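Okay, thanks for making time, everyone.

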Amino acid sequence: MEQAQSAVEKRPVFMPRVNSDNLVKTDMVRFERHVGFASRQKKKSINDMHQVIRKKYGFNHVLELSSKSGNKLSFLLSPLSLKLTNENGGEQYSVENAFQSSMVFEDGGPYIDLLSAPPRQAKKDERLITSGELISYDYFGIEWSVEPLTAFYDWLYINALKQNPQLHEEVMQYQAFTDMEFNPKKSIHCAAYALAMFVALNKRELLDNVEDPAVFFNLYQDFKVSNTEGLLEEGWI
């Protein structure tokens, strides 16, 4: 009989905060990762991670956002699925398409043709790798700085979710969010983090006018930021 393999892994958990100077509290969780690419192995890893979170924080409701969660809500909340309506023309785009198509690099971009590409294909477009350093974002003429690092992505995701009120009641039941597929060494932009931020803003009744980039940007001045920036390796996007 083949012996099951496992290894110690660390992944972030993102927790909405209501009575603190953080909107989101990020913590790294150590758990047993079941080695292998099979869905059942990843589900075992997710279950082990969530058991650690429940025991450490006393949470009853933790949502895994990756496709391996097996939860229909996770699919609906995925940046590949969640749609954002452009107020100028009324077109709808996934958060992933909106984000990837807005990147401006030293040697090119924004590549607005990525708005209409399949979301997974848009994410892997080689121009996002070969166009030099990322210097800003341009979303239908709305310009964003690269810093604060997650601000533009969070703005897209939170506004998309705000535009889908049918999801709000169920989302607000959760106390923490994870994404097993998110590697904090390779990326800083994470839908699970943005989702936790949405819950915190909703509970604090601060969702009014978040469509305004200036109003949203001020949140990063008014609250301390707790994300995975310190874990990033050189060469991330």
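So, let's start with serine 226, which counts as buried because its relative accessibility is 12%, and the cut-off for buried is under 20%. Keep in mind that this is a predicted model. Where does serine 226 sit? It's in the segment after H9. If we leave aside neighbours within four places in sequence, serine 226 is in contact with Asn22, Val24, Lys25, Thr26 and Tyr193. For a sense of scale, take serine 226 and glutamine 100: they're 126 residues apart in sequence, and C-alpha to C-alpha they're 24 Å apart in space.

Now, helix packing. Two packed helices get described by the angle between their axes and the distance between those axes, and that's how I'll go through these.

First up, H6 and H8. H6 covers residues 151-162 and H8 covers 191-203; their axes come within 9 Å and cross at roughly 60°. H6 and H8 are therefore oblique to each other, and the crossing is right-handed. Who's actually touching? On the H6 side you've got Tyr153, Asp154, Tyr157, Ile158, Leu161 and Lys162, and on the H8 side Ala191, Tyr193, Ala194, Leu195, Met197, Phe198 and Leu201. By class, this contact of H6 with H8 comes out as eleven nonpolar residues, two charged and no polar ones.

Next, H6 against H9, which is residues 213-222. Here the axes come within 10 Å and cross at roughly 120°. H6 and H9 are therefore oblique to each other, and H6 passes H9 in a right-handed crossing. The contact uses Ala151, Asp154, Trp155 and Ile158 from H6, plus Pro213, Phe216 and Tyr220 from H9. By class, that's six nonpolar, one charged and no polar.

Okay, aromatics. How many aromatic pairs does the structure hold? It holds 16. Take phenylalanine 99 and tyrosine 153: the ring centres are 5.0 Å apart and the planes are at 90°, so the pair is edge-to-face. Phenylalanine 99 lies in helix H3, residues 95-100, and tyrosine 153 lies in H6, so the pair ties together parts that are 54 residues apart in sequence. Are these two buried or exposed? Phenylalanine 99 is buried, at 3% relative accessible area, and tyrosine 153 is buried at 4%. Both belong to one aromatic cluster, along with Tyr93, Tyr137, Tyr139, Phe140, Trp144, Phe152 and Trp155.

Most peptide bonds are trans, and most residues other than glycine have a negative phi. The bond from glycine 109 to proline 110 is cis, with omega near 5°, and proline 110 lies in the loop between strand S6 and helix H4. Glutamate 147 and proline 148 are also joined by a cis bond, with omega about -5°; proline 148 is in the loop between strand S8 and H6.

As for phi, glutamate 205 has a positive value of about 60°, and asparagine 209 has one of about 65°. Glutamate 205 counts as exposed, at 69% relative accessibility.

That's my tour; over to you for questions.

Methods
Residues are numbered from 1 along each chain as its sequence is written. This is a predicted model: local features need pLDDT of at least 70, side-chain atom pairs count only at pLDDT 80 or more; totals for chains, interfaces and linings use all residues. Side-chain values use heavy atoms; hydrogens and water are left out. Axes are lines fitted to C-alpha atoms, for helices over the stretch in contact, and angles run from 0 to 180 degrees between N-to-C directions. Helices (H or I, at least four residues) and strands (E, at least two) are DSSP runs, numbered from the N terminus. Angles under 35 degrees count as roughly parallel, over 145 as roughly antiparallel, 65 to 115 as roughly perpendicular and the rest as oblique. A crossing is left-handed if the near helix is turned anticlockwise from the far one by less than a right angle, and right-handed if clockwise. Contact means heavy atoms within 4.5 Å. Ala, Val, Leu, Ile, Met, Phe, Trp, Tyr, Cys and Pro count as nonpolar, Asp, Glu, Lys and Arg as charged, and the others, Gly among them, as polar. Rings of Phe, Tyr and Trp (its six-membered ring) pair if their centres lie within 6.5 Å; planes under 30 degrees apart count as stacked, over 60 as edge-to-face and the rest as tilted. Buried means under 20% relative accessible area, exposed over 50%, partly exposed in between (1.4 Å probe, protein chains only).
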